[in-house]
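Please keep the sequence and the model in view while reading.

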Amino acid sequence: MQALIPCVRLSLAALLVGLAAGCGGGGSDASAVPAESCSIAQLESQMDTTLAQAVSEVDFSYAVQRQDGRQYSFNRGSSTLQTSYQSASTSKLVSAVIILRLVEQGYLSLDARPHDHIAGWPIGSGDSLFPMTLAQLLSFTSGLGVQPEVEPACLNDPDSNLNTCVITIANTYAGNGIIPGSQFLYASTHMHVAGLMAVAARGAASWQEVFAEFQSQTGLFPASSFDLPSVANPRIAGGMRLTGADYMAFLKALRDGLLLNAASMSQLLTDHTASATTIYSPMLSGIGGGAGLGEDWHYGFGLWHECQSATFNCVPGTRVSSPGALGSYPFWDRSKGYTGIVVREGVFGTLVSGIAIERSVRSSMESWAAC
């Protein structure tokens, strides 16, 4: 955990003041310089000033890279892009990409079901959950959930292991009557099962082996690991330790088409929850006791389709992200061609903090990206 820094304590309303409504539109930095009269140096100075004053109870780093490779970064306090942080849900996008690469390589399919790969899978053919697919697990529409934020304790138990925890998840939700694909419930349960399917399909001994192969094939995440709560039981949906620099390199490779083929990228970026009923979304109502944004974002595979509206009325795939409950926030604006991250480690439930930091500087940053 990073050391606290002096800051002005504000309400959520003050934290998000000035954030524009719309589909990924501007932030609260009204002093942005128009592109037609832009100055890179002036815009970077403006961003420095805004980020130095941003509300955050912990140190953080911010980085953004535009299409031509130019990068801007800002570090507050002792934070750097080389600082190791707990990922929380920023790892969801990483895990989804790893699993999609295994689909590309022919080890499993998006139509695969848990019982196809997981020995001892306890949900039988008479259960409504039996038809769940890998695609539904990656989009959190599998039905493995009942109540918001109520998950089996094994997901946070370092003494458990991936296989045992997945069987516990299945037994916990068996018989709940949910039809896979009908409900979107944001939870770690779905991806834990998907992760074990990937391990088994690959013939690997562990998720660590699957991740190590990904590292070797891509050269990505050299300073990062999947070991929370433990090496034996990594949370596939939130168990990395990572650096901002590693994640920025991952986003660039993803944006440049170096990680997924066109078909897999299309699947990653599809809105897979458009026809599902939202049972729980932290973007609407918050997580871990923290406040939400009151915004109706949709979900793809391991990523959010952002929409600054109380009802989803945006174009899926325009701006996507994978924010975490500790306040880190990786993002990719596909309409404007830039990728970036706010990386920090606040307390659980501060999901909106990283988003608010990014939005506070977005106007200047987008002028910088277009300059």
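This is a predicted model: local features need pLDDT of at least 70, side-chain atom pairs count only at pLDDT 80 or more; totals for chains, interfaces and linings use all residues.

Residues are numbered from 1 along each chain as its sequence is written, and side-chain values use heavy atoms, with hydrogens and water left out. Helices (H or I, at least four residues) and strands (E, at least two) are DSSP runs, numbered from the N terminus.

**Seven-stranded sheet**

- Seven strands form an open sheet with antiparallel pairing, in the order β2-β1-β12-β11-β10-β9-β8; two strands count as paired if DSSP finds at least two bridges between them.
- The edges are β2 (71–75) and β8 (298–299), and each has a single partner strand, so one side of each has no neighbour in the sheet.
- β8 runs antiparallel to β9 (residues 304–305), joined to it by two bridges, and Y299 lies opposite W304 in β9.
- Helix α2 packs on this sheet, where it touches β1 (60–65) and β2, and its direction makes about 30° with that of β2.
- Helix α9 (residues 244–255) also packs on the sheet, touching β1, β2, β11 (329–333) and β12 (338–344), and its direction makes about 155° with that of β12.

**Three-stranded sheet**

- A second open sheet has three strands in the order β3-β6-β5, again with antiparallel pairing.
- β3 (85–86) and β5 (225–226) are its edge strands, each with a single partner, so one side of each is left without a neighbour in the sheet.
- Two bridges pair β5 with β6 (residues 240–242) in the antiparallel sense, and S225 stands opposite R241 in β6.

**Helix pair α2 and α12**

- α2 (residues 40–53) packs with α12 (residues 351–370) at an angle of about 175°, their axes 9 Å apart; axes are lines fitted to C-alpha atoms, for helices over the stretch in contact, and angles run from 0 to 180 degrees between N-to-C directions.
- That angle makes α2 roughly antiparallel to α12, a term used for angles over 145 degrees, with under 35 counted as roughly parallel, 65 to 115 as roughly perpendicular and the rest as oblique.
- From α2, the residues I40, L43, E44, Q46, M47, T50 and L51 meet I357, S360, V361, S364, M365, S367 and W368 in α12, contact meaning heavy atoms within 4.5 Å.
- Eight of the residues in this contact are nonpolar, five are polar and one is charged. (Ala, Val, Leu, Ile, Met, Phe, Trp, Tyr, Cys and Pro count as nonpolar, Asp, Glu, Lys and Arg as charged, and the others, Gly among them, as polar.)

**Pocket and cavities**

- On a 1 Å grid over the protein atoms alone, a cavity is a set of points where a 1.4 Å probe fits but cannot get out, a pocket is an open set with protein on both sides within 12 Å along at least five of seven lines, and lining residues have an atom within 4 Å of a point.
- The largest pocket has a volume of about 440 Å³, where volume is the space filled by probe spheres set on the points, and grid points are joined across faces, edges and corners.
- Among the 18 residues lining that pocket, E151, S188, R235, I287 and F348 are the closest to its centre.
- Five cavities of 30 Å³ or more are found in the whole structure, and the largest cavity has a volume of about 50 Å³.
- α8 (207–218) and α3 (91–104) each supply at least two residues of the largest cavity's lining.

**Backbone details**

- L228 and P229 are joined by a cis peptide bond with omega of about 5°, and P229 is in the loop between β5 and β6.
- A88 has a positive phi of about 50° although it is not a glycine, and A88 is in the loop between β3 and α3.
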